[in-house]
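Biologist: I would like to go through this model one question at a time. Please keep the answers plain and define the terms as you go.

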Amino acid sequence: MKIAITEFVTLDGVSQGPGSPDEDTSDGFARGGWLVPHMDPAFVKRASDWLDLADGLLLGRRTYEAFARDWPQITDPADPFTERMNTLPKYVVTNTLTEGTWNPTTVLRGDAVQAVTDLKARPGRELQIHGSARLGDSLLEAGLVDTLRLVIAPAVLRSGRRLLTRTGTPSGLRLLHHEATPSGLLLLEYEVTGQAPRAEYQGVAALT
């Protein structure tokens, strides 16, 4: 299976609490809910198409507990995500939980990189990381991520937990798809290509 990350971020890279003011108030964060005003049918359609590719969800403990609390409470049959989020296999990377409450759940204890490497060897399409920014960042740095999908909101929060903050090997990306929605969200899909290339600028003529 491939590993695909889907992250909602602001223009200044904040990924914390996109869905509601009280989704994630850790470290005193009080600016949650910044994605919701910009959600529109074009975003919902693209996000639903991405979720269609998932054979499982790969989550860190913090995101898992928030999702396990919130998703089962959404009972609207017209919601395009609820049934799939609640029924897809969940794999939670943690050394503090012994079992899950949001079934079907498998707890992955021990070394996260090795556990995910073993999962990638199984047949299937995508294991998708939603939220779980620190887990996604560590797996990207370890070279295990195949696809990175970003939904960039037209907002600058100036506080909150940011995406992709680890030091280590730089990652190169190839743009596969880009789209701007009517509400101003920028949807970007990248293939991870290995280590980021570098070069020295030698004038415009050298670029052709």
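Biologist: Which element supplies the largest share of the lining of the second largest pocket?

Modeller: This is a predicted model, so local features need pLDDT of at least 70 and side-chain atom pairs pLDDT 80 or more, while totals for chains, interfaces and linings use all residues. Residues are numbered from 1 along each chain as its sequence is written, and side-chain values use heavy atoms, without hydrogens and water. A pocket is an open set of points on a 1 Å grid over the protein atoms alone, where a 1.4 Å probe fits, with protein on both sides within 12 Å along at least five of seven lines; lining residues have an atom within 4 Å of a point. Of the lining of the second largest pocket, the largest share, four residues, comes from strand β8.

Biologist: How many residues line the second largest pocket, and which elements give two or more of them?

Modeller: The lining has 15 residues, and Val145, Asp146, Glu191, Val192 and Gly194 are the ones nearest the centre of this pocket. Helices (H or I, at least four residues) and strands (E, at least two) are DSSP runs, numbered from the N terminus. The elements that give two or more residues to this lining are α5, β7 and β8.

Biologist: Is helix α5 largely enclosed or exposed, and why?

Modeller: Buried means under 20% relative accessible area, exposed over 50%, and partly exposed in between (1.4 Å probe, protein chains only). In α5, the buried residues are Ala133, Leu135, Gly136, Asp137, Ser138, Leu139 and Leu140. Because seven of the nine residues of α5 (residues 133-141) are buried, the rest of the structure leaves this helix largely enclosed.

Biologist: Which element gives the largest share of the lining of the largest pocket?

Modeller: At least two lining residues come from each of β1 (2-10), α1 (41-51), α2 (61-70) and α5. With seven residues, the largest share belongs to α2.

Biologist: What kind of aromatic pair do phenylalanine 8 and phenylalanine 43 form?

Modeller: Rings of Phe, Tyr and Trp (its six-membered ring) pair if their centres lie within 6.5 Å; planes under 30 degrees apart count as stacked, over 60 as edge-to-face and the rest as tilted. The whole structure holds three aromatic pairs. For phenylalanine 8 and phenylalanine 43, the centres are 5.8 Å apart and the planes stand at 70 degrees, which is edge-to-face.

Biologist: How far apart in sequence are the parts that this pair ties together?

Modeller: Phenylalanine 8 is in strand β1 and phenylalanine 43 is in helix α1, so the parts tied together are 35 residues apart.  Phenylalanine 8 counts as partly exposed at 25% relative accessibility, and phenylalanine 43 counts as buried at 3%. The separation in sequence is 35 residues.

Biologist: Why is the pair of tyrosine 64 and tryptophan 102 classed as it is?

Modeller: The ring centres of tyrosine 64 and tryptophan 102 are 6.1 Å apart and their planes are at 50 degrees, so the pair is tilted. Tyrosine 64 is in helix α2 and tryptophan 102 in the loop between β3 (90-93) and β4 (105-108), 38 residues apart. Tyrosine 64 is buried at 2% relative accessible area, and tryptophan 102 is buried at 3%. The class follows from the 50 degrees between the planes, so the pair is tilted.

Biologist: Which residues is threonine 181 in contact with, leaving aside its neighbours within four places in sequence?

Modeller: Threonine 181 sits in the loop between β7 (171-180) and β8 (186-195). This threonine is buried, with a relative accessible area of 6%. Contact means heavy atoms within 4.5 Å. With those neighbours left aside, the contacts of threonine 181 are Asp40, Ala42, Phe43 and Leu187.
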